[in-house]
Amino acid sequence: MRQRIPFLTACLVAGVLATAPGCGGPSALRGAPAASSSVPATGDYSGQVDVGSGRKMYLSCKGSGGPTVILESGIHDSSDTWNITDTRPPVPDSPAVFPGVARFARVCAYDRPGTIRYSDPPAVTTRSTQVNGTRSLAAMADDLDKLLTAAHLPGPYLLVGHSFGGMITRLYAQRHPEKTAGLVFVDAFGTNIRQLFGTEWPSYVKLLNNPGTPFDSRPGFEKVDIDGAIDAVTAAKPLPEVPMAVLSKTEPFAAAPGTSKTLLATVERSWPAVQQTLVDLGSQTPHILATGSDHYVQVHDPDLTISAIRLTAGRINTKA
């Protein structure tokens, strides 16, 4: 089994941040971004973008070339997870996914409101305007569209979704097929998960929205209507026929002490079927097993994640 550094072992449980002191990332990413009125077509950019209704969202972009790659983090995670690594030989420590993809394409990542920065100590992001209450998947997909539109980022996009972020990118693609060039699912959430979990489903939904962080009770902490999200994706139009790739973990989810063993067993038993259903969404979709990695494939296997994105981008460009 992969040896993980303490912050990942203690802080990541079933794809969400678990309670633990000092859960800071390997690179302490801190500081408020400088506001900017425009997002350049190439080069480095980090700042807040006005998305309307008095709200701003943090966006970071790097590199040049198409298709534009959009990185979508999992539930409660800020964009920091695309800029950190926890690797062991022969996997190289550098680059992380964000700078790695920037070597061959324009790549952008953003902070959803209420998500957690991998700083020391961890903190809820102040880089995107707070939104209170439980959020619908439709609202989250709308935020993504507002951000991309306001930033004038050229599409169509190669959407990369980790964990629950895969649900956001999936609904976005279903609602905006003309803006979608390809999809990469990084150990992503799927619509068949509720049925597979059976009687353990309510416990899992509770864990997703209340993972035990010091921020759980804050009004602005990201909470999601999980059942509504599944229903929204199921009811939406089919995905466009675009190149896809699926990356899946092979190691168990990291678990905080006290997590139900029955729930964890259900997660592990069901997860391969969730991943296979994602593979079946497309035609000739490569299914890449991140051997030795837990749920955070982009952190443990950044080079593999970068390669999957590059492969999909190549298929998009060949198709075009």
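Predicted model: local features only at pLDDT ≥ 70, side-chain atom pairs only at ≥ 80, totals over all residues.
**The aromatic residues**

Let's stay with that pair for a moment. F197 and Y204 are part of one aromatic cluster, which they form together with F164, F189 and W201. If you search the whole structure, you find six aromatic pairs. Here are two of them, side by side.

| Pair | Centre to centre | Angle between planes | Arrangement |
|---|---|---|---|
| F164 and F189 | 5.5 Å | 70 degrees | edge-to-face |
| F197 and Y204 | 4.7 Å | 55 degrees | tilted |

Why does the F164 and F189 pair count as edge-to-face? Planes over 60 degrees apart get that label, and the planes of these two rings are at 70 degrees, so the pair qualifies.

F164 sits in the loop between β10 (157–162) and α4, while F189 belongs to the loop between β11 (180–186) and α5 (193–197), so their pairing ties together parts that are 25 residues apart in sequence. F164 is buried, at a relative accessible area of 2%, and F189 is buried too, with 3% relative accessibility.

**Where two helices cross**

Next up are helix α3 (residues 137–150) and helix α4 (residues 165–175), whose axes come within 9 Å and cross at roughly 70 degrees. That angle makes α3 roughly perpendicular to α4.

Which residues of α3 and α4 meet? From α3 come L137, A138, M140, A141, D142, L144, D145 and L148, and on the α4 side they meet M167, I168, L171, Y172 and R175. Sort the residues of this contact by type and you get 10 nonpolar, three charged and no polar ones.

**A serine in a strand**

Our last stop is S248, which you'll find in strand β13 (residues 244–249). Is S248 buried or exposed? Its relative accessible area is 3%, so S248 is buried, given that anything under 20% counts that way.

Key: Residues numbered from 1 in each chain as written. Heavy atoms only, no water. Helix = DSSP H or I, 4+ residues; strand = E, 2+ residues; numbered from the N terminus. Buried < 20%, exposed > 50% of the residue type's maximum accessible area, 1.4 Å probe, protein only. Axes fitted to C-alpha atoms, helices over the stretch in contact; angles between N-to-C directions. Parallel < 35°, antiparallel > 145°, perpendicular 65-115°, else oblique. Contact = heavy atoms within 4.5 Å. Nonpolar A, V, L, I, M, F, W, Y, C, P; charged D, E, K, R; others polar. Phe/Tyr/Trp six-rings, centres within 6.5 Å; stacked < 30°, edge-to-face > 60°.
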